[in-house]
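Here is a friendly walk through one protein model, written for someone new to reading structures. Please look at the sequence and the 3D view first, then read on.

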Amino acid sequence: MEDPFVIVGGDAAGMSAASKAKREDPELEVVVFEKGDWVSYAACGMPYYIKGTVEELEDLVAVTPDQFRDKRDVDLRTNHEVVAIDVEAETVTVEGPDGERFDQPYGALLIGTGARAIEPPFDGFDLEGVFTLHSMDGAAAVDSYIDEQEPKAAAIVGGGYVGVEMAEALAERGIEVSMFEMLPRTLQPFGEATATVVEDHLREQGVDLYLETAVEGFDGEASVERVALEDDAVETDLVIVGVGVTPNVEIAEEAGIELGPTGAIATDEYGRTSVESVYAAGDCAEATNVVTGEPDHVPLALTANRAGRAIGTTVAGSPTETGGTAGTAIVKAFELGAARTGIIDDERAREAGFEPVSVTIEAPTRPHYYPGAVELTVTLVADRSSGRVLGASLVGRDGAKRIDTVATAVHSGLTVAELENLDLAYAPPFSPVWDPILTAAKVLGGKLDTDDER
């Protein structure tokens, strides 16, 4: 490859690809264009910076720009935005920090443009004190606003990951928190049983929940003073809007690169797009759902890092699959942990051709006689005809990371019977003899057997 491996975007997918490509082929020229100042940062840590658990914003950076340049020999150019791709000429048009433009040829191209926070068309979105949280600069702005304005009340619009984590962060800063969710429950992808436990806990922590409540906009003079609802208004002096993200696909679409059914960039098992020598990974790209086998858009950190690493290996000469996604996720809600993997929702499972059967159980995380035992709520879902494990959701004060056991089962296509017979570790400080996951599998297996007998 005479021309360099060019990467658009300097976060998880892009920098993983750059590092791996250079490691596999030190002679390969790698050029990364990042439109902002920050690269290789942990976006998932931003709520904990605002909370105060992470002392400095820079602590969220895994590898600094200078380290990429000096130690990894990557030609990283921050404050350089790729504004166009010419797939015929195999060049990208780049705008530098002073507004100058130039064309950069590529031998292989990775689009890792990520996603951006959705900004609904709310009135008053431009008021001071209204924020989204999807960038390091955004996190710095929220933190500075709290320090300088000392808000007493905050409104969080959206009950997903960002909303739940920010509720804890803001409460820790001494701010009264209200959360507005237009759907019947928070943490929609986690299922009803988990969401109910989380909602009860949020209320116990003093969070005012407004479920099935649509926000109309924000009112105030120069800064936000109220959240406007259909028939009411709630006073606030800080707003965090966290209603989801949308993939940054504009330059890909303009270049004629195909988008998939989710609206993200369509890719194959190697991260290749519809255009030769062009790859996509991270929050702007689709991945294959390991349960359905269909394209999915799951903007999570591991998916991005893994795909970027695989593409870097491929470009360096060793074709490597990017791997599928089960949508495995975990979130901290004050003293609770909530986790999910695979398909939990009945309707989605049926649309994918399955006949879902589920159980929800409560089981202790340790034997009753050992200190620290708490109840873990486990929802486990399987396909009736095949017995295949489709997904799970967990919530409790301890043990939510057990979701990884089910994620492994989902990736491997295990049945409920096979999950029940896994040889999991046991010792009183860590688990009862029958781990909660095994208990859930036993109960679900019994339900499947009873249904078969009928």
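## A pocket, a hairpin, a sheet and some salt bridges

By class, the second largest pocket is lined by eight nonpolar, nine polar and six charged residues. In this sorting, Ala, Val, Leu, Ile, Met, Phe, Trp, Tyr, Cys and Pro are nonpolar, Asp, Glu, Lys and Arg are charged, and the others, Gly among them, are polar. Please keep in mind that this is a predicted model, where local features need pLDDT of at least 70, side-chain atom pairs count only at pLDDT 80 or more, and totals for chains, interfaces and linings use all residues. Residues are numbered from 1 along each chain as its sequence is written, and side-chain values use heavy atoms, with hydrogens and water left out.

Let us stay with the pocket. The lining has 23 residues, and Glu286, Ala287, Thr288, Thr322 and Gly323 lie nearest the centre of the second largest pocket. Two or more lining residues come from each of the elements β19 (287-288) and α8 (301-315). Of these, α8 gives the most, with four residues. The space in this pocket is about 220 Å³. A pocket here is an open set of points on a 1 Å grid over the protein atoms alone, where a 1.4 Å probe fits, with protein on both sides within 12 Å along at least five of seven lines; lining residues have an atom within 4 Å of a point. The volume is the space filled by probe spheres set on the points, which are joined across faces, edges and corners. Helices (H or I, at least four residues) and strands (E, at least two) are DSSP runs, numbered from the N terminus.

Next comes a hairpin. Strands β21 and β22 form it with two residues between them, and Phe334 in the turn has a positive phi of about 55°. The two strands pair in the antiparallel sense over five bridges; pairing requires that DSSP finds at least two bridges between strands. Ala329 stands opposite Arg340 in β22. On β21, Ala329, Val331 and Ala333 make up a covered face, while Ile330 and Lys332 make up an uncovered one.

Now for a sheet. What is the order of the strands in the open sheet of three? The order is β13-β14-β15, with antiparallel pairing. Since β13 (215-220) and β15 (233-235) stand at the edges with a single partner strand each, one side of each is left without a neighbour in the sheet. From one strand to the next, the twist averages 25°. Strand β14 (residues 224-229) is joined to β15 by three bridges, and Ala228 stands opposite Ala233 in β15.

Finally, salt bridges. A salt bridge is a side-chain nitrogen of Lys or Arg within 4 Å of a carboxyl oxygen of Asp or Glu, and by this rule the count comes to 19. Here are some of them.

| Salt bridge | Distance, N to O |
|---|---|
| Asp66 and Arg69 | 3.2 Å |
| Arg101 and Glu95 | 3.1 Å |
| Arg397 and Glu335 | 2.1 Å |

Arg397 lies in the loop between β25 (389-396) and α10 (403-412) and Glu335 in the loop between β21 (329-333) and β22 (336-342), so the pair ties together parts that are 62 residues apart in sequence. Asp66 and Arg69 are three residues apart in helix α3 (residues 65-70), about one helical turn. Arg101 counts as exposed, at 56% relative accessibility, whereas Glu95 is partly exposed at 27%. Buried means under 20% relative accessible area, exposed over 50%, and partly exposed in between (1.4 Å probe, protein chains only). Lys51, Glu168 and Lys332 are linked in a network of salt bridges.

Notes: Axes are lines fitted to C-alpha atoms, for helices over the stretch in contact, and angles run from 0 to 180 degrees between N-to-C directions.
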